[in-house]
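Please read this briefing alongside the sequence and the model shown below. It takes up strands, aromatic rings and pockets in turn.

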Amino acid sequence: MTIGATPAGTLCFVGQAVLDQVFHVDAFSLEGGKSVAHGFASRAGGLATKAALAAQALRDPAASPAVRLLSAIGDDGSGRILQGLLGDRGLAATVVPGAATAVSAVLIDAAGERQVHNFRGTALAGAALPDSQAFEHCSGVLADPRWPEAAALALQIAHRRSVPSVLDAETAEPAVLQRLAPLADWCVFSRSGLQDFCDCRNAEGDAHTLLNAAAGRLGDTDLVVTLGAGGALWRRPGTRTAVHLPAFAVEAVDTNGAGDVLHGALLLWLAEGAAPADALRRALAAAALACRGAGLPTRRQLDDFLEFFA
């Protein structure tokens, strides 16, 4: 299938939904006290949710798969705000009565770097697993480690249906990542997530060394570790070393969620039939565009951006 063809089905994004309360500050404080923020916004966030939002923004309505979010929120005030934000983008989460919605306080400094303080809530713990109908016509899956049982179910369904699957291998308990990673076609690690998978958070070792260690356990999986402004390392199945992919040079205004944008874009283009190298290049470009602070990139913006760098 080539990009622009009409892929059937729906991309299913399984995992966390968070109400992000975002404050723009001059600098992070190491001493406590009070400071004045010069900007504020409430946003829909969370690993799988931000990836779904990115895919929704990048898809071609006439040709791309639809996007479905499988997540859970509480029936509290934060949940009502979050459901409204999701609804504005054509998505929705299951409401769990009596549960607390996940909320993050996100500080973004003048250099675009972020500091996140997350309350994970109780909604995912109280939610029923998605049933088989939730994956009807599924043409691709992205799962994060915040809802492990649902993630395992979704990745197994993707394998049975021979459709692409991506694990957002963000920091989590080593046992959770070690359970989920072998189920996915692609594992996209953050640096800390890769350390957790290798169960060596306090050990020495650069990203190449850690990725090689992961490849020893995951020989049939495409492995990526994202390095922020340093780009990414990518190791294909059957190869002996990772390839370094440089980041696209942009002036970063807001790095919050850039990795999630990469994950959502990667799944979208894999599902549309792009070659793996092209899908990953487009995903890196989408993440770079997101860092410019102008919101989630559209397909036209991404095409123009890549043409500039051609």
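Two strands pair if DSSP finds at least two bridges between them, and strands (E, at least two residues) and helices (H or I, at least four residues) are DSSP runs numbered from the N terminus. This is a predicted model, in which local features need pLDDT of at least 70 and side-chain atom pairs count only at pLDDT 80 or more, while totals for chains, interfaces and linings use all residues. Residues are numbered from 1 along each chain as its sequence is written, and side-chain values use heavy atoms, with hydrogens and water left out.

**Strand β1 and its partners**

- Strand β1 (residues 10-14) runs parallel to strand β9 (residues 138-143), to which five bridges join it, and Val14 stands opposite Ala143 in β9.
- Five bridges also join β1 to strand β4 (residues 66-70), again in parallel, with Leu11 opposite Val67 in β4.
- Five of the five residues of β1 are buried, so the strand is largely enclosed by the rest of the structure; buried means under 20% relative accessible area, exposed over 50% and partly exposed in between (1.4 Å probe, protein chains only).
- Thr10, Cys12 and Val14 point one way from β1, whereas Leu11 and Phe13 point the other way.

**Aromatic rings**

- A search of the whole structure finds seven aromatic pairs, where rings of Phe, Tyr and Trp (its six-membered ring) pair if their centres lie within 6.5 Å, and planes under 30 degrees apart count as stacked, over 60 as edge-to-face and the rest as tilted.
- The rings of Phe189 and Phe197 have centres 5.5 Å apart and planes at 55°, so this pair is tilted, and both residues are buried.
- The rings of Phe248 and Phe305 also have centres 5.5 Å apart and planes at 55°, so that pair is tilted.
- Because Phe248 lies in the loop between β14 (243-245) and α8 (258-271) and Phe305 in helix α10 (residues 299-308), their pair ties together parts that are 57 residues apart in sequence.
- Ring pairs link Phe248, Phe305, Phe308 and Phe309 into a cluster.

**The largest pocket**

- About 1200 Å³ of space lies in the largest pocket, a volume being the space filled by probe spheres set on grid points joined across faces, edges and corners.
- A pocket is an open set of points on a 1 Å grid over the protein atoms alone, where a 1.4 Å probe fits, with protein on both sides within 12 Å along at least five of seven lines, and lining residues have an atom within 4 Å of a point.
- Helix α8 gives the most to the lining of the largest pocket, with five residues.
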